[in-house]
Amino acid sequence: MASSDEEGEIVPDFVTNYHFVNSHNTLISFSLLPLHWSDHDVENGDLQVAFLHGNIDGGLQSVYKEVIGWKLELSYAQPHVCVLSKGKTWINLHKPRKSYECHVKSVLIVADCLHFVRRNPQAVQKEILSHLMKSWSSGEFREPLEKCLATHLPLIRIAVARDKDLAKSEYLKAFLMEVENPVTREALCEDNQTLKKSKFIVPDGEEEEDDDVDVDDEIDDDSDELFDSVCAFCDNGGDVLLCEGKCMRSFHPTVDAGLDTCCESLGFENAAQYEAVPTYLCDNCKHQKHQCFVCGSLGSSDKSSSAEVFPCVSATCGHFYHPECVANLLYPSEADGALASQLKSQIAEGKSFTCPIHKCHRCQGGENKDDHELQFAVCRRCPKAYHRKCLPKTISFEGSADGTIQQRAWDDLLPKRILMYCRKHPIIPSIGTPKRDHILFPSLVRKRNQEGRITEMMSERRSNALGSFRVVETERKPKVVERQFKTVTYGDTTLEKRKSSTTYKTTTSFENNKPIRTNSERPSNILRIKLPNKDMHREQRLPSKSVKKMEVDVDSPPKLDAEMKTKILKLMEDATASFDPEEFIKEKKMKCTHKIYVPQHGLDKTITMGKVEASVKAVKAALKKLDDGGSVEDAKAVCEPNVLHQLVRWKKKLSVFLAPFLVGTRYTSFGRHFTKVDKLKEIVDRLHWYVEDGDTIVDFCCGSNDFSCFMKEKLDSTGKKCKYKNYDLITPKNTFNFEKRDWFSVPVDALPDGSRLVMGLNPPFGVKASLANKFIDHALKFKPKLIILIVPQETKRLDYKRSPYDLIWEEHDMLSGKSFYLPGSVDKQDQPLDDWNIKPPPLSLWSRADWTEKHIEVAQKHGHIEQRQTVPHQEAERVVSNELIEENLDCFNDLPMLDEVLKEPDATQRNCENMYMTTSHTFSDMASMDLSSPVNSSSNNSRSEPVRLNPLCIQPGPHPSYDPLQYANTSDPYGPGVGFGYPYPQSGHYANYGYPAC
Amino acid sequence: MEPSTEYVAFEEKVKKTIYIDNLSPQVTKAVLENAINQFGNVKDVQFIPTYFASCGVCAALVEMESAKQAEEIICEMGDSPLMISGMPRPVRAQKAQVEMFEDRPKKHQRTIVCRWMDPSHRNFELARKIKDLTKKHAAEVQYIMKLQLEEEEKLHKQQSETLKTNYKKYELIDGVQADGNVNRLKAEYGITLNDH
């Protein structure tokens, strides 16, 4: 990389291994600084000053500079990012510090992208992506490009505005267009959300947070912040397996997962192997023998028998202690000896205690995760913790180049905590951590020989001091595996080896005996022959032999011989091998949701039993502490406030997952809701006046496909010849003009010109109407002259779209009462299940601007709106007119038919028992009406306000922001509680169910 | 030999029928009929014993209006898992097989006559071979069934275990919320929870 020409004072041309902090010493992205496009063209930044740390002279010197701006140089062969030092010189940025990378990755990707696009203005997304893939390895480049770009929108806007070449780029133009359309923007944000929940623990940089990202996502973002998710062996993050038990630890499950840190790992061979375990318990939790965090020796933690070690009561701790060890730590001075022994006996009796980790070792203060300075640095090897501000200088965040100072503290591994090793533990340079022999698993051997203390100790399995160390670089992998095998089965010392191998022998013989005994029919010598890997000869010979044997005992069924078994097993194995579960899930995932609707992760495995138990216990313990006169701070050490938030979130997640079991069992559905047939007829009665001869009527989500049929019936009777087109994901019973197709995949040229199109009806709502918005947006691409919609109120109104549509009328109460039903479901009397919304979704008719006049005329003629009403085009008046419409809505209630329906919903319900005709939502819809609309619509309940919705005023709903359908896509295709498509039987239940209106 | 007309009609019926298993024992005829009715017209529902699933799982034959509808439903249910009556796994649909019908008519109008065969008969060896082969097949089928059953049971156990633990977690949290502990602590901390 060329360095920029600078004169005067001695400043570094470029820095490597850099990072930026603000005045509070928090890592920040340089992109928050003012952006200098040219010398006189400076954009305001969120931040005026930042501090650059980095290395110069090839890492020989470190540098610390105050910087006040940054710029992007696109004219070189490589994109250059420079920052402006306070002395007005530009410093070129080379490589960021590894741990800082996540903060600036997105801006660097954007820079790279702009640079490429500038040179290739014709480039389409695919080419850009493939270019980026080259410079960013796929692991680093996990997020969709659009998301990256969206987070740096101001930068892109400026770049396109100021740079002639960039302005030519088709891709950026299209991108900005889409972004300017708020709905698509929301789509981008949604991608954003889902990605934020990536299973990698590296949290996304703060600067990526958008204004639009609402409370819900933030909650979900920090949902894991209470518990650390770094491997207990090597203290690094990544793909970890969580123990369900009380220890609340995580482990790298495979050698591959922990390869970076030479982690010895749990030794699973592949993901399939450990994913098959429904609930993983580490050996400590399995045998209820945990290590004391002070002395490191194992003790029984089984409360029902004689427990030796006791867990700290703090919700997020998970460490165990001998009563004596922890009592001495809590009362270290001689003078407190009496207190210590008192505490010791209390703990031994089962009294809860908080361990020393929850108080600063220096100032004895508590932790406050939200205050940067009061965040804790917790030693991974012993119960010692410091505030950030109290952290001794000797515990350094950076190692020195000459190796005299080792890095002992890491800032970004634990959520809102510092991971550190205190001075007691010498760091081994080759692995970057202290010895890793800190973990002691009770091994199976132990159970069989109860021979006194010493032998017991030996039969414990200790983790490798050096992990799977790099010395074996040449042939690392096989070596690693071998080593692991060794540790797993035998352990390290020869004595231990001898011990365990004898036991091993007994086990094998024991296991060998068992089948022989149980299978007494079979002569045992045959069993001996029956070893796997038979050659063909034997396979062919033996059957005839067995046939001969059969002669003797004609009446008994032929015995299963070994060959047959192996053959069958082989056959089944082949069948299983030919099945690729990942591919299968991927395919299903694609099929079972609307493409555009990004399914999210399933019930996350981070909700472990241990965590739930500990949290619940901590809540009680904290209360007790308060009752006993403890301070709030003490209580918070036991149960920090976030634990309460966490509990609420967990419950929500679990309740969605468990919905089928918590709520009614007679419900069957893909989660669809169909509009009742009488309601549809009403809609048809109104709508047909607006339809003209030769129009095409499109139901973009037709469900049972009745709407089109009624339309046809009606229009035919009035002599209008029309075409019909119906789309849905699930084939309905009635396939009249039906095409099984995702609405979003219908291209614009598949349908006639917009002036011949009447489109709409009841799309799936999606969470916060997100799916409904997307349906509408796709519909708008066809520019239909009329759109008829049943959508929740929080749907974005069509008069706020880029090319606004005019509201002809909006009917709020038409779909109140039991207007919907759940197809395929019956109640106890085998009657179809009805459904209603607390706040009914309005029915609305929208007209393309150039057709408005005509449609209003029709509406007035047929009394759908009153004469005096006009729908003007000007924005200012539009709001007024909407209010007018709403005020006048009541006149529609005079329709006699409606009244009848409202009076006798039950009668209607019975009447349509045999008629499953209606329009629908598609099945990804469970979250739609049931989860979202009762909540949201009631929140938007007040009529006096004009219904003007934009993303900001939609209530950040407390309801779960995930679609239970997602569970169809979790790892186990037939997993339990496949909670998709499983709405609560009636949204009315919602009021009692814990999702009341706020 | 031409199959009997009765059999031809029966074969038509088989084509229109889907076999559904992984059904909960709570599923009644009405429930199943309604569930399938959203995709087509159900003509008949018949519960049959299931051979490939573990305890507490039912199966049924559902006859549709047309073979096309039946095919579409199988396709639909394969694409998007359908849950009926709180069974912890989606129901499974496949084409019905002739052998699934207990009341199936004979394919050919002929009678089978049994007789003893003398070992000296020239076809004796052949007959014996056929007999052995049949027995062997039966044994093989039995073994495969056993394996499949084991697998099913394992899955079933695994699923119910996961379900149970998840439910236990839920109950734990629910308990501590229900007895007001969370609310009290919340008040002490002076924080508000987003727990609606």
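Tyr7(B) is buried, with a relative accessible area of 7%, where buried stands for under 20% relative accessible area, exposed for over 50% and partly exposed for values in between, using a 1.4 Å probe and protein chains only. This tyrosine lies in helix 1 (residues 5-16) of chain B, and helices here are DSSP runs of H or I with at least four residues, strands being runs of E with at least two, numbered from the N terminus. Not counting residues up to four places away in sequence, Tyr7(B) touches Val98(B), Pro105(B), Lys106(B) and Lys107(B), contact being defined as heavy atoms within 4.5 Å. Tyr7(B) and Pro105(B) are 98 residues apart along the chain, yet their C-alpha atoms are separated by 5.9 Å.

The model is a predicted one, in which local features need pLDDT of at least 70 and side-chain atom pairs count only at pLDDT 80 or more, while totals for chains, interfaces and linings use all residues. Residues are numbered from 1 along each chain as its sequence is written, chains are lettered from A and ligands numbered from 1 in the order in which they are written, and side-chain values use heavy atoms, with hydrogens and water left out.

The two chains can be set side by side as follows.

From the N terminus on, the elements of chain B run α-β-α-β-β-α-β-β-α-α.

In chain A, the axes of helix 1 (residues 101-119) and helix 4 (residues 153-162) come within 11 Å and cross at roughly 20 degrees; such axes are lines fitted to C-alpha atoms, for helices over the stretch in contact, with angles running from 0 to 180 degrees between N-to-C directions. Helix 1 of chain A is therefore roughly parallel to helix 4 of chain A, since angles under 35 degrees count as roughly parallel, over 145 as roughly antiparallel, 65 to 115 as roughly perpendicular and the rest as oblique. On the helix 1 side of chain A, Val107(A), Val110(A) and Leu114(A) meet Leu155(A), Ile156(A) and Ala159(A) of helix 4. By class, this contact has six nonpolar, no polar and no charged residues, with Ala, Val, Leu, Ile, Met, Phe, Trp, Tyr, Cys and Pro counted as nonpolar, Asp, Glu, Lys and Arg as charged, and the others, Gly among them, as polar.

The largest nonpolar core has 54 residues, and those with the most contacts inside it are Tyr18(A), Phe20(A), Phe30(A) and Trp70(A); a core of this kind is a set of buried Ala, Val, Leu, Ile, Met, Phe, Trp, Tyr and Cys residues joined through side-chain atoms within 4.5 Å. Helix 1 of chain A supplies the largest share of this core, ten residues. A second, separate core of 32 residues includes Met248(A), Ile607(A), Val643(A) and Ile173(B).

Elsewhere in chain A, Ser169(A) has its place in the loop between helix 5 (164-167) and helix 6 (170-180) and is buried, with a relative accessible area of 1%. Leaving out residues up to four places away in sequence, Ser169(A) touches Val117(A) and Pro121(A). Helix 27 (residues 770-780) of chain A is largely enclosed by the rest of the structure, because eleven of its eleven residues are buried, among them Lys774(A), Asp777(A) and His778(A).
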